[in-house]
Amino acid sequence: MVETIIDDYVIERVSEIARLKLSDKEKEKFREEFERILEEFSIIDEIKVGEKELYYVVENVNVLRKDSKPKPFCNINGIKTNYNKIEDDFIVVPRNL
Amino acid sequence: MFTRDLIEDLLSNSVEEHLHKKIGEIEKSNKEINAFITLSIEEAEKSSKEIQKKINENSQGKLSGLVISIKDNIAVSKLRMTCGSKVLENYISPYDATVINSIKKEDGIIIGKCNMDEFACGSDGTSSYFGPTKNPRNIDYVPGGSSSGSAASVAADFSDLSIGSDTGGSIRCPASFCGVYGFKPSYGLVSRYGLSDMAMSLEGPGPFAKDTYGIALLLDVISGKDPRDTVTIESNNSYLKTVENFKDEDIKNMKIAYAKEFFEGVDEKIKNMILDKIGILESEGAKIEEVSLPNIKYSIPIYYLVVFSEFSSAMSKFDGFKYGHYAGGQDIVEAVSNTRETSMGTEVKRRVLLGTFITMEEFKGRWYTKALKARSAIKEDFKRIFNSYDLLIGPTMPTLPWKIGERISDPLAMYSSDILTVSANLAGICASSQPVGEVKGLPVGLQLHADSLSESKLLKGMRAVEIACGGI
Amino acid sequence: MQLHEEKYKDLNLKIGLEIHVQLKTNQKIFCECSTDYINSPPNNNICPICTSQPGSKPMGVNEKALENLLKIGLFLGCKAYEKPFYVQRKHYFYPDLPSNYQRTSQPILGNGVFMGVGIWEIHIEEDPGRYELREGKVDLNRSGVPLAEIVTAPDIKSPEYAREFLRDLLLSLEYLGVIRGESGSIRADVNISIMGGNRIEIKNVNSVKGIYKALKYEIVRQKAVLQRGGTITMETRHFDEASMITKTLRKKETVADYRYIPDPDLVPIYISPEMLQEIESVLPESPHNKKKRFMEEYCLGEEIVDALISDLYLSDLFEESAKNSNPLEAGKWCATELKRRLNEKNLSVSTSKITAKHISDMVGFIERGELSVKNAKWIIEDAVDTGEEIPVLMDKKNFYQISSEEALVKIIEKIIGDNPKAVLDFKSGNENALHFLFGKVVNETEGRAEPSKTIKLLKDILCGGLNA
């Protein structure tokens, strides 16, 4: 098992990239947990791995789609009623000045 | 065959009456069991009348008015879809998942959306924002997860069938704990369009039923190539015939393996029960041999590393702007961070953070890429076995269901309970769980694996166990 | 080959572009919504897939989008890679990106060249929606429209060349019928370094003019920094359309870890040699082949040919006009004056009124001495603007030159007769008198006397060659 160290700076960066505003308590809890979990998981270093990553377990390739006449969706209103805030048909979000 | 008799019954008696019986059960017991997040009674009654008309004209679909519950991470148009989370507490799906289209077309009656572990992140059914589901066989105990409500609804007679999803055992585990039949189809056999993504390369919808017949029936309805999901494969859709044509003698032609690693760390009583069933099959003429799956001990780390990375990607879409809970903030960064922080549960956050971490450029090679390279080792293990054997047999879960609240929520402990189920998802093969007995009143599940796209073999195996061991 | 280099000679400019163009298709890249989103009210050209509803999955890549992208790549002389490529997820949070990741593929083709600029790679991706920053409004109509991203080598050596490069590239892609021609359908990230310094990236510039202005500004800005004794650090900037300057992006927005993963929902794509051959067979002549042919068939010089071949409309017009006129002349005029006029007025061959007949007619008049080179430049401008026939324009502007010997001799004799003193002056060795007499001929003909012939005839007659 390889020792894994996760410091506060890393947790800070990860939470920023993941857009999660963690409390200090959470940050410490997760930091400690992650160290433990990843240390446990580092057992995969033992496996003799092949050269290629297995991204897909199916053999399909080249699933392309013919470009035909557009088919408008039948329940656009159903999509819009879930918008948090709508104004003149636009989704309202904070400004970025 | 229970489900077959049920259909015959529906053809001669009232569809509506049958539905009302289910509604009756729900009204009596769901408050306690908490299998449903949303009920759809009015729509169901409307459907039942339409289907009755079709039955009278003999133009009914394959499901002929059977009552079906749907895990709440599968989209049913105009019904709430919460994924068991505060994030989507008030989200109304604007579209139907492909499996729902198929079920509606074949005249299944959708009764409601089932409770589940939040965003499928759990193995016991207690992490839902809408409260835990209880095991209908003993309400002090967990029903298993993450398709907890689906399994419970079949076990409690709230529905005849159910559709859940299986990412690492999320159908098989609750099927085992609740004492019902659960089936994880081969990856690509059933369209994932409309299944809220959690771990895209591992998961898929699958059926719950009270017997092999019910599983095969629903499988015929939901499987097949779908242009809305590029990983799907053509299906021959004659699984029901496979089950109907199965004869007792077919057991003699079966070559069944059992992996010694799948019995390590398993509860003694469960082990003995499974070995007992294996003995029965052997006495009926099946060829039984021990094999080894040497890489199984790595399956939990590989599985969870893949899950973390895909899950964090899948969860990116939840920013509160287009749907779901919104907390607001000064600017786009703060608004999104506040929203996600205040709506996601602990395990969800944990997986998002870990997934983000292991896909960051400086850590990717060490974790994400390595896990994906190691994944092929698991796939190879199974390929080797299925070259020589039709089926792999063993227990579904290493322990009996535990009491609600008993397990401390230490993530590593939670993860380790999946040890017997995750490999099937890593390899993309099919697997099933069926009840074969009970210990202290709690159900025990027997798990079968078959090679990818060998559903027929798997269903035959299930039928063999059902016949030889007396399905419950 | 790159014009306008002189004033930037000592700056060692390295400019590279990452150009995004919308591919011409009926449906979006991963769903069946229309790509004709401009005419739709906000958030009305959407579906569960392009708004990333929970549970939605992308459909297979739009075949036409891929085909059009392959056409672009082959046209630019790129080669396809031998192995399958993945569509990846590029993660970043932004309100116009419904999934908060953009689906963008690995490189599909690479190692091409256009106008002497290397094309590093081309890949396919989905367009995000539109986020109006200042108003806090999002419209997802555009989300999912297919884009080709063309990444060039930093071989461009001036803002002017960047502008010409983009202009010709877009014209040719329009000619091929593979991109949408509406305005706003090009966006680029611009990379520039001066004097071997660090690279500055200017993200998301929305027009050819904007790209030109951004580059001009950056050169001035960077020179000023260096003159003050500062250094240029690698950074990402934003181009403000309103003030036409570049600004630093806030640090938070520039720290990007996109955490690329192959999209598990989209199986790999392999471009077979057969697929490529089929596409190549329907493509028009590549710039490379056209260049070779023009130089051999028409004996045109390299610089002229380079200016012609990069704009397919222009090269077609040239070839048409060369059927009825001297190709060397036609080529010269098309490559220089015509191209310049079109650029100035922001027109193309197809959007202006110029035709091949204009060029061939004009060349005919020039060769017969009836149109001076100086006046020809005016004629081209008028033809581009009004489309009127050359003879009509020449009449209107009174450009018909007199170059027939008979007519000129008559006029010269008259002038000589009217100006005996000047004749005597010339005969006694005063060269200026010749010019004086020439000026008189010019006046008499209202400028239409063909100059070199007139001077020659004057000299001949004065020196007693012809009858006096």
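**Figure 1. Strand 4 and strand 5 of chain C pair in the antiparallel sense.** This is a predicted model. Strand 4 of chain C covers residues 87-91, and strand 5 of chain C covers residues 101-105. Five bridges link the two strands. Look for C:Arg89: C:Arg103 in strand 5 of chain C stands opposite.

**Figure 2. Strand 4 of chain C also pairs with strand 15 of chain C.** Strand 15 of chain C spans residues 261-262. The pairing is again antiparallel, over two bridges. C:Gln88 has C:Pro262 of strand 15 as its bridge partner.

**Figure 3. Strand 4 of chain C is largely enclosed by the rest of the structure.** Why? Four of its five residues are buried, so the strand is largely enclosed.

**Figure 4. Chain B touches chain C.** On the side of chain B, 35 residues are in contact with 26 residues of chain C. Helix 10 (299-314), helix 11 (332-343) and helix 12 (346-359) of chain B each supply at least two residues of this side. By class, the side of chain B that touches chain C holds 18 nonpolar, nine polar and eight charged residues.

**Figure 5. Chain B has 16 helices and eleven strands.** Its C-alpha atoms fill a box of roughly 70 × 55 × 45 Å along the principal axes. The radius of gyration of chain B is 21 Å; a compact globule of 472 residues would have one near 23 Å, so the two agree. Of the 472 residues of chain B, 65% count as buried. Take the contacts in chain B between residues at least 6 apart in sequence: 76% of them join residues at least 24 apart.

Methods. Residues numbered from 1 in each chain as written. Chains lettered and ligands numbered in written order. Predicted model: local features only at pLDDT ≥ 70, side-chain atom pairs only at ≥ 80, totals over all residues. Rg over C-alpha atoms; globule rule 2.2 N^0.38 Å. Buried ≥ 20, exposed ≤ 12 C-beta atoms within 10 Å, placed from the backbone. Contact = placed C-beta atoms within 7 Å. Nonpolar A, V, L, I, M, F, W, Y, C, P; charged D, E, K, R; others polar. Pairing = 2+ DSSP bridges.
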